[in-house]
Amino acid sequence: MKKILMVLTSVSELGTTGEKTGYNVAEAAHPWKVFKDSGHFVDFASIKGGQPPADEVDADDPIQVAFTKDETTRAGLYNTARVDVVDPEQYDAVYLVGGHGTMWDFPDSEGLQRLVASVYDAGGLVGAVCHGPAGLLNVELKNGFRLVQGRDVAAFTNDEEVAAGKDKVIPFFLADRLEEQGARHVSAGVFEEKVAVDERLVTGQNPASAAGVAKEMEKLFAEVIHQEKAEEQHEAAALRAEKDAEKTAKKEAADTEH
């Protein structure tokens with residue numbers, strides 16, 4: 001079992017428009033189901049902590065409904081940890097949930113930057129979808145390079161912002177900012193699914209890509225678990241060989257005495 005931390009925005013309003021926003025429930029719910037069905041543990045954190053604001057729940061989506069009714073999830077979302085105080089060593093992966101609010105509080109959160117860098121530097125996975133990749137901006141790894149530098153990254157596109165009618169509201173175009181920091185922004189058509197995997201960084205373009213991001217992360221987890229089991233078997237075999245050698249040595253010593 002692996003531990004995944006989902007990080008959510010704390011922004012409830014689109015700039016100064018008065019229009020409500022929050023984390024995208026579908027982008028949290030569908031990966032949650034993938035991780036939960038695989039037997040992994042999902043925890044929640046947000047930029048400011050407490051109960052994060054959420055976008056509308058699609059009542060026709062049974063996965064979103066299940067997510068909002070799950071008692072463990074409800075308890076976790078009721079009082080999320082603040083990213084600044086989260087211990088990254090407790091998690092095998094961090095997954096950045098989208099929603100337009102992330103555009104205002106993800107990029108400049110030093111706590112989020114430290115969390116993402118620490119998890120990745122320790123060999124963990126980093127996932128993000130839609131506007132969640134805003135939390136990849138300004139993340140610097142211990143090797144001195146930005147996390148997104150030279151990597152394929154999928155995120156909400158400029159055309160999708162226009163189609164959603166948010167191009168005049170957002171503080172910047174996410175795809176452009178990612179490219180400014182050295183990423184190779186990859187995309188499919190407007191609102192079509194697109195998932196990019198670059199080593200241990202998995203990103204998705206829009207809500208339709210959320211489950212796909214989690215599934216690709218699950219594939220990477222499976223590889224890690226397989227390697228861990230192989231190492232355990234190797235260590236167990238080495239220990240057995242050592243014990244057998246000790247028994248043989250003792251027996252030979254006893255035979256020599258007689």
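Which residues do ring pairs link into a cluster? They are Trp32, Phe44 and Phe67. The model is predicted. A search of the whole structure finds 4 aromatic pairs.

**Aromatic pairs**

- A pair of aromatic rings is described by the distance of the centres and the angle of the planes.
- Trp32 is buried, at 7% relative accessibility.
- Phe67 is also buried, at 1%.
- Phe35 and Tyr95 form another edge-to-face pair, at 6.5 Å centre to centre and 75 degrees between the planes.
- Phe35 sits in helix H1 and Tyr95 in strand E4 (residues 93–96), so here the pair ties together parts that are 60 residues apart in sequence.
- Phe35 and Tyr95 are both buried.

**Strand E9 and its partners**

- E5 and E9 run parallel and are joined by 4 bridges.
- Within this pairing, Ala128 has Thr203 as its bridge partner in E9.
- E8 pairs with E9 in the antiparallel sense, over 4 bridges.
- Here Val197 has Val202 as its bridge partner in E9.
- In a regular strand the side chains alternate between the two faces of the sheet.
- In E9, Leu201 and Thr203 point one way, while Val202 and Gly204 point the other way.
- All four of these E9 residues are buried.

- Most residues other than glycine have a negative phi.
- Cys130 has a positive phi, near 65 degrees.
- Cys130 is in the loop between strand E5 (125–129) and strand E6 (152–153).
- The relative accessible area of Cys130 is 3%, so Cys130 counts as buried.
- Glu199 also has a positive phi, of about 55 degrees.
- Glu199 is in the loop between strand E8 (195–198) and strand E9 (201–204).
- The hairpin of E8 and E9 that holds Glu199 has 2 residues between the strands.
- Glu199 counts as exposed, because its relative accessibility is 55% and the cut-off for exposed is over 50%.

**Charges over rings**

- Lys3 lies over the face of Tyr91, at 5.1 Å from the ring centre.
- Arg200 lies over the face of Tyr120, at 3.9 Å from the ring centre.

Notes: Residues are numbered from 1 along each chain as its sequence is written. This is a predicted model: local features need pLDDT of at least 70, side-chain atom pairs count only at pLDDT 80 or more; totals for chains, interfaces and linings use all residues. Side-chain values use heavy atoms; hydrogens and water are left out. Buried means under 20% relative accessible area, exposed over 50%, partly exposed in between (1.4 Å probe, protein chains only). Two strands pair if DSSP finds at least two bridges between them. Rings of Phe, Tyr and Trp (its six-membered ring) pair if their centres lie within 6.5 Å; planes under 30 degrees apart count as stacked, over 60 as edge-to-face and the rest as tilted. A charge sits over a ring if NZ of Lys or CZ of Arg is within 6 Å of the ring centre and within 35 degrees of the ring normal.
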